[in-house]
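Morning, everyone. Please bring up the sequence and the model, and keep both in view while I talk.

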Amino acid sequence: MHYRTGVSDARLNLRLRPAAWPGQTVRDFTMVLDVPPTERTDGPGPYLSHVTTLRYDKRLTSLRIVTEFTADLAPLPVPQATPALDALRQLAGDQRTLGPLAPAAYLYGASMTPLDEVIGAWAAPDLLPDTPVLDAARALAARIHREFTYASGVTTSRTLPAEAFAAKAGVCQDFAHVLIVALRMHGIPAGYVSGYLRTLPPPGRPRLVGADAMHAWAAAWCGPDAGWIGIDPTNNSLARDDHIVLGVGRDYADVTPVNGVFVGGGKQSTDFRVDVVPVDEPAAEAVVPPTTARRTG
Amino acid sequence: MCRHGVLRMPRTLYEQRRKFVKGRIAAIMASQGVGLFGPEPGIDPLAWYAGDPGADLYCASTPAVADAWRGFVAGLARQGGGQLGAAQTQIDRHVAELGIAFRLTGDEQERSWPLGPVPIVIGASEWRGIAAGLVQRAELLEAIVADIYGPQRLVREGHLPAAMVSGSPHFARRMVGLAPPRHHLQVLAIDLARGPTGEWRVLADRARFAVGVGYALENRLAVSRATGGALAEMGTRRQSDFFDALRSGIAADCQRSEPRVALLTPGRFSQSYPEQAYLARHLGFSLVEGRDLVVRDGRLFVRTIAGLKRIDALWRWINTHSIDPLNFDTRSRIGVPGLLSACESGQLAVANWMGGGVVESRAMSAFIPRLCRELRGEPLLLPNAATWWCGGPAERDHVLANLDDLVLSSSFRTPVALLPDGATRQGSSLSGEERDRLREAMSRRAMDYTAQEIIQVSTTPCLVGNRLEPRGFTLRAFLARDASGAWTVLPGGLGRISQSGELRTWLMGAGDLSADVCIVDPVAAAADQPSPRLTLSAPEEPPAIRRGAGLLPSQAADNLFWFGRYAERCQQTARAARTLLQCAGDLESDPAASGTVQRLSQMLYRWGAVSSPYGRALDIAAAALGDGTAGSSVASLEERMRSLALLLRDRLSRDSWRAISRPLAPFVPGNAESLIAAAEATIERGAAIQRLIADTLSRADAWRFLDVGLCLERASLIFQAVNALLPAEPSADDLGALLDLADAEALYIGRYMTRPFTAPAIDIVLLDPEQPRGAIFQTRRLVQHMEALPQLRHSGRADPPLRLARQLHARIEALEAEHVTHAVIDDLVDGLGGLSNAIGKRFFLQQDVLRRRGAEALLG
């Protein structure tokens with residue numbers, strides 16, 4: 001990050017360390033900061049995330065954050081059958097937990113995903129009472145992939161799903177938000193997943209959209225047995241061995257990779273570079289530099 | 001028909017008497033030909049009162065309480081010479097004098113607070129039962145909140161559905177596991193209604209902010225002032241013990257022995273800002289906004305003119321989600337970044353602890369009776385309205401089947417289908433098509449809906465014109481923990497009397513009236529005994545004697561400084577307008593004055609008081625006074641003074657407040673007499689404001705900043721006037737106008753006994769150290785103030801403001817009246833500007849602090 005005039009009293013939240021996620025094991029995580037902070041804390045965030053907080057007393061003009069880790073991915077099998085929506089609503093209501101992945105926590109609107117009647121009505125044809133929940137979610141993801149245009153610059157990181165929906169365009173964050181709102185409007189718990197994609201596809205498969213930046217997708221709660229299943233509307237796929245999970249929240253605001261406050265009004269710029277390369281099947285390694293992107297893809 | 005209309009009188013007799021009295025009144029009206037609807041002095045005004053025997057609080061009260069009530073109303077009637085309606089006028093006057101105000105959503109300006117003169121009277125024995133129920137509920141709510149943010153047993157064991165908790169916008173997941181020093185809830189408001197058969201029910205719990213507790217206090221003050229000793233005669237319980245408990249309770253959780261407590265306000269645009277400012281003043285808490293505060297090393301500080309000062313406890317009036325942009329909503333501009341880390345390190349107590357609002361959901365009422373049994377092993381003493389949360393299938397079916405008898409609401413006050421404002425609707429008002437939509441919405445998201453039984457409320461006597469009429473009422477009760485942690489109930493509360501019948505909203509509605517609520521001990525009053533106090537704690541030690549007016553946040557110093565500047569400029573502009581009118585009036589006899597008139601007009605134009613220097617003097621003077629479009633007319637300056645006064649509300653005395661609130665004196669445009677009168681009224685009022693504030697702000701730093709602003713402005717304007725009014729060869733009229741502006745005409749004549757000459761006039765207005773409106777008098781005071789204000793440097797070298805003030809004063813001291821030139825004066829005016837900037841830089845919040853940015857922007 002570069003601040004043209006420098007900023008003082010900067011306090012940052014970094015959510016760049018992968019949280020525990022079924023089917024994913026993370027080893028050898030390192031975070032290197034080129035400017036040592038005055039104060040640093042590490043701990044779990046309110047949803048499924050790991051938060052590093054940094055405070056800088058001294059004036060800061062640029063900060064370089066490099067994280068590296070190795071992730072072993074052993075995706076859980078895709079369930080053959082998931083509960084029908086009617087049953088799923090009841091099951092979601094019956095879960096006696098308020099934990100970070102409790103379905104109840106992902107049922108309601110949140111600051112960047114307010115409930116929206118228009119998106120709810122758009123989704124309705126695919127969400128009949130007897131549709132299995134995973135089929136329903138995949139059908140919606142497919143429609144987003146079909147009906148929406150992937151385009152950076154149309155939206156910003158603060159765009160609400162209603163606007164992206166009206167424009168039928170956006171990036172991964174917008175697509176994930178629209179899918180989340182559509183599912184929640186029908187009483188299906190849905191979360192926002194922030195993470196990485198592998199940069200280069202295995203031989204013979206196309207390069208994934210969003211692979212050169214931070215990525216985001218949705219996760220639907222598919223009942224107590226199947227649990228949470230990641231669905232990537234940007235690539236119209238399930239999130240499996242190409243997707244590395246950083247954190248899960250109600251929406252982008254809960255798992256923003258870097259945010260904070262500082263004093264100073266100058267212009268700032270941010271570069272994100274992501275590289276995910278396979279070490280050997282099924283492990284993958286995430287290294288940050290080479291490719292460049294402006295926003296999460 | 002009223003049971004207590006005439007005590008123990010057989011109904012037939014009573015009926016006869018009513019007819020008789022009515023007949024007499026009719027006869028009087030006929031004979032006098034005037035509308036006399038009230039009773040004669042000495043006659044009981046409640047004898048006509050037509051409340052329902054069971055469903056009216058007065059009619060159902062015990063004989064002793066009814067006597068107290070009648071005595072009070074009879075006293076009101078006597079006071080008004082038989083005209084009961086006069087009591088309303090009386091109370092309105094006291095409300096205005098106390099400056100009690102509020103806003104409705106969307107209001108730009110504050111409204112005056114609607115208060116009825118007749119209190120709601122409740123007997124001590126009835127209240128004892130209510131208070132016990134309130135305390136039980138407060139303990140229960142505390143236990144629920146503690147469980148939600150702690151072990152979560154209620155959810156795990158199925159007593160509380162998880163979706164009931166997570167649905168609340170006030171559920172703060174970040175707070176799970178972060179326990180408060182002692183309690184989650186420190187202050188509570190609970191809305192009550194009395195049903196037609198006399199039972200009290202809880203309508204709503206207010207766990208975030210005790211909105212209305214300040215108004216309860218002010219209502220009591222207004223009613224007791226308006227009615228003399230009538231409240232005491234009834235044996236009304238005092239409120240002071242409650243506020244003592246509240247104050248010591250909030251301070252009790254602090255680590256340091258002499259803790260500093262602040263009330264954190266969202267700012268002056270908040271609906272209840274007037275109340276917050278009043279409470280801060282009453283309780284002796286500093287009134288602070290988020291930008292006044294900063295967190296360093298796990299401690300909270302307020303930026304003051306003497307550097308950072310620690311804050312030990314906050315009474316917050318900001319929502320959890322806005323209170324800390326680093327830990328909650330990044331978009332918040334009113335919070336304090338990192339505030340939570342001060343809580344985590346145990347160095348900051350916050351009342352109420354963040355996240356407590358989770359129990360406010362309407363849906364929570366559905367679980368309260370069950371949770372009371374579960375957590376406390378006892379039944380609920382005060383029932384709440386029967387409530388069905390549609391998140392459960394059986395409840396949903398019940399609600400859909402019984403819609404006509406229920407009130408439908410949004411479970412968590414968020415916008416949902418059919419209730420886009422997140423509020424409530426009578427089920428019976430839903431059309432067939434709407435019912436279909438509701439059914440469909442509930443098939444997807446039933447948890448968004450909650451239904452409650454329709455509550456009938458009792459009535460209470462309310463003054464309508466000259467008569468007492470039954471009106472529906474609700475009561476907001478308040479509880480606070482004392483230093484030991486025990487709950488204290490405010491004896492009484494905020495009564496709300498509805499004209500419209502809508503009693504479910506948070507705040508006062510447009511047609512509502514508030515009422516004092518009196519808890520009376522008629523027996524004790526009759527026996528002439530002091531009424532027993534509700535708190536049973538041992539008498540407290542008197543506080544250690546302390547002097548000084550506490551800390552002065554930089555923001556408040558800034559506001560005081562500008563208030564002083566505007567007040568002085570306002571007064572000086574009015575003076576210039578008056579001088580202009582006088583000179584113009586002399587034109588016929590003294591044509592030489594026309595140059596002076598032009599110069600005065602030019603000066604007003606340069607001051608920004610008028611938008612054009614050309615035209616008739618009468619029009620220019622009128623514009624300088626009343627033209628709201630010119631940036632620095634008297635009217636515009638007063639507007640700015642008032643908006644600053646709002647920010648200083650916790651520091652200004654009631655008298656000052658009243659003087660500031662008084663509108664600009666009216667005048668007839670084009671009429672010199674009325675314009676001069678208006679200008680003089682402004683001058684006098686300005687002097688009164690300055691005097692009142694100087695007299696009531698203790699001679700501490702707060703007063704200094706106000707006076708610094710005033711001195712700077714006065715010096716600057718008088719220098720500018722010298723340059724504007726004195727050409728190379730000034731006439732006697734020019735010099736006369738200058739002396740008039742400095743209020744020094746009489747002094748000049750007394751001293752020189754001749755027409756004005758340039759050097760002596762300049763000596764008086766600029767250089768004479770004994771002339772209180774003269775320039776050098778101001779710079780000397782500025783030096784004194786700067787010397788007295790705290791210095792930041794430890795090197796012994798003076799801070800820049802002090803050095804600049806000394807330099808400026810020395811330069812003026814060295815001047816000789818004969819050698820003052822326009823260039824010298826321009827230089828001194830620049831010097832004053834430099835001093836003003838240096839003061840701003842040293843003492844006030846810097847602009848870049850205000851430009852604190854959220855860093856979501858970090859990602860594109």
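One term before we start. I call a residue buried if 20 or more other C-beta atoms lie within 10 Å of its own, and exposed if 12 or fewer do. And keep in mind that this is a predicted model.

Let's go to chain B, helix α28. It runs over residues 822-843, which makes 22 residues. From first C-alpha to last, α28(B) reaches 32 Å, close to the 32 Å expected at 1.5 Å a residue.

Which residues of α28(B) are buried? They are Ile825(B), Leu828(B), Gly831(B), Leu832(B), Leu835(B), Ile839(B) and Phe843(B). Now look down the axis of α28(B). The buried residues fall within an arc of 110 degrees, so they line one face of the helix. Here is the background: an α-helix has 3.6 residues a turn, so residues three or four places apart point the same way.

Turn to the face away from that buried side. There you find the exposed residues Ala823(B), Asp827(B), Asp830(B), Gly833(B) and Lys841(B).

And what covers the buried residues of α28(B)? The cover includes three helices of chain B: α16 (554-585), α22 (701-725) and α27 (800-813).

Next, the core. The largest nonpolar core has 364 residues. The residues with the most contacts inside it are Leu179(A), Ala220(A), Leu625(B), Leu738(B) and Val765(B). Take Leu625(B). Leaving aside residues up to four places away in sequence, its contacts include Ala574(B), Ala577(B), Phe667(B) and Leu675(B).

On to domains, chain A. The assignment gives domain 1 (2-74 + 256-287) and domain 2 (85-254). Their C-alpha centres lie 23 Å apart. The contact takes 25 residues from domain 1 of chain A and 22 from domain 2 of chain A. On the domain 1 side, β1 (2-17), β6 (65-73), β16 (275-280) and β17 (283-287) of chain A each give two or more residues. The largest share, four residues, comes from β16(A). By class, that side has 19 nonpolar, four polar and two charged residues.

Last, chain B. Its assignment gives domain 1 (1-238 + 359-385 + 458-534), domain 2 (256-346), domain 3 (387-453) and domain 4 (554-849). I'll take domains 2 and 4 of chain B. Their C-alpha centres lie 36 Å apart. In the contact, 14 residues of domain 2 of chain B meet 14 residues of domain 4 of chain B. On the domain 2 side, α10 (273-283) and β9 (299-304) of chain B each supply at least two residues. α10(B) gives the most, with four. That side divides into six nonpolar, two polar and six charged residues.

Technical notes
Residues numbered from 1 in each chain as written. Chains lettered and ligands numbered in written order. Predicted model: local features only at pLDDT ≥ 70, side-chain atom pairs only at ≥ 80, totals over all residues. Expected span 1.5 Å × (residues − 1). Arc of directions from axis to C-beta. Contact = placed C-beta atoms within 7 Å. Core = buried A, V, L, I, M, F, W, Y, C linked by C-beta atoms within 7 Å. Domains from an automatic or database assignment. Nonpolar A, V, L, I, M, F, W, Y, C, P; charged D, E, K, R; others polar.
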